[in-house]
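Please look over the sequence and the structure shown below before reading on. The briefing that follows goes through them topic by topic.

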Amino acid sequence: MNQLKNIKTLSFLFALLLFAFASHGQDDAARLEKSDAEQLKKAQEWVENLQLHDKTKEARVVQVISGHLKAVRNWHNSHPFTEVPAGINPATGNKLSELDRQIIADSAMPTEVHQQLMDGLRKDLTEEQVATILDKYTIGKVAFTTKGYEAIVPDLTAKEREVIKQNLEQAREQAVDYKSMKQISAVFEIYKTKIEQYFNANGRNWRQLFKAYVDAAKAKKAKEKNNG
């Protein structure tokens, strides 16, 4: 009798376990479906802004972008920062942060994912239109950061402008393969450091330039406060 009771209890617990797994699976599927819809909507909005006036071309570009967004999401979600051992950055000696480790994990995504995006965009878009889409991924960081350099170094030379442009456009293209804005900003920081190193190696003192800019901004703010 006790044996029969134990069997019934085990059967009940097993049924509960199966139900829990099924419910969890349904929740995951629902979340994925919602996320897929969000990626598709985002791609559609970006492409609509291009005003291509060609439904077939628009559909192809939307599929290229939404497919890339999903691939980046899937890789990110299936490769947490814990996959990368805690350690130090060999260039600085600083301990790797969670953000550092997540960027390392995400940077291992197959290069084909990025190449498919760029090839797909260039198949139907001009280089200017491709840049517009990449700006959507990175919320206009190229233009925003360029304006910052122009404000800090008002007498930029043509060569310096070209160095800024090349580095920020490279940052933008690399950054599209990362999921979060923190990661995208971190990628841009890599290339901003290269720009500032170029300044220092070619007759500028970036630290002094930045300090002068900050001091001038503070003085202007204080003056406006006093006048107000």
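This is a predicted model: local features need pLDDT of at least 70, side-chain atom pairs count only at pLDDT 80 or more; totals for chains, interfaces and linings use all residues.

Alanine 86 is exposed, because its relative accessible area is 54% and the cut-off for that class is over 50%.

**Around alanine 86 and arginine 101**

- Alanine 86 belongs to the loop that runs between helix H2 (55-78) and helix H3 (98-107), and its C-alpha is 8.1 Å from that of serine 97, although the two are 11 residues apart in sequence.
- Arginine 101 is found in helix H3, and, leaving aside residues up to four places away in sequence, arginine 101 touches Phe81, Thr82, Val84, Pro85, Ala86 and Leu96.
- Arginine 101 is buried and yet has no salt bridge, since the nearest side chain of opposite charge, that of glutamate 98, is 6.1 Å away, whereas a salt bridge requires the nitrogen and the oxygen to be within 4 Å.

**How helices H6 and H7 pack**

- Helix H6 (residues 141-152) packs against helix H7 (residues 158-175) at an angle of about 150 degrees, and their axes are 10 Å apart.
- This angle makes H6 roughly antiparallel to H7, and the crossing of the two helices is right-handed.
- On the H6 side, the residues that take part are Val142, Thr145, Thr146, Tyr149 and Glu150, and they meet Arg161, Ile164, Leu168, Glu169 and Arg172 in H7.

**Salt bridges**

- The whole structure contains 11 salt bridges, and one of them joins arginine 204 to aspartate 155, with the closest N and O atoms 3.1 Å apart.
- Arginine 204 lies in the loop between helix H8 (181-201) and helix H9 (206-227), while aspartate 155 lies in the loop between H6 and H7, so the pair ties together parts that are 49 residues apart in sequence.
- Arginine 204 counts as buried, because its relative accessibility is 17%.
- Within helix H7, where lysine 165 and glutamate 169 are 4 residues apart, or about one turn of the helix, these two residues form a salt bridge whose closest N and O atoms are 3.2 Å apart.
- Both partners count as partly exposed, lysine 165 at 43% relative accessibility and glutamate 169 at 29%.
- Helix H9 holds aspartate 215 and lysine 211, which are likewise 4 residues apart, and their salt bridge has its closest N and O atoms 2.9 Å apart.
- Aspartate 215 is partly exposed at 35% relative accessibility, whereas lysine 211 is exposed at 52%.
- Salt bridges that share partners also join Asp155, Glu160 and Arg204 into one network.

Terms used:
Residues are numbered from 1 along each chain as its sequence is written. Side-chain values use heavy atoms; hydrogens and water are left out. Buried means under 20% relative accessible area, exposed over 50%, partly exposed in between (1.4 Å probe, protein chains only). Lys and Arg count as positive and Asp and Glu as negative; His and the chain ends are not counted. Contact means heavy atoms within 4.5 Å. Axes are lines fitted to C-alpha atoms, for helices over the stretch in contact, and angles run from 0 to 180 degrees between N-to-C directions. Angles under 35 degrees count as roughly parallel, over 145 as roughly antiparallel, 65 to 115 as roughly perpendicular and the rest as oblique. A crossing is left-handed if the near helix is turned anticlockwise from the far one by less than a right angle, and right-handed if clockwise.
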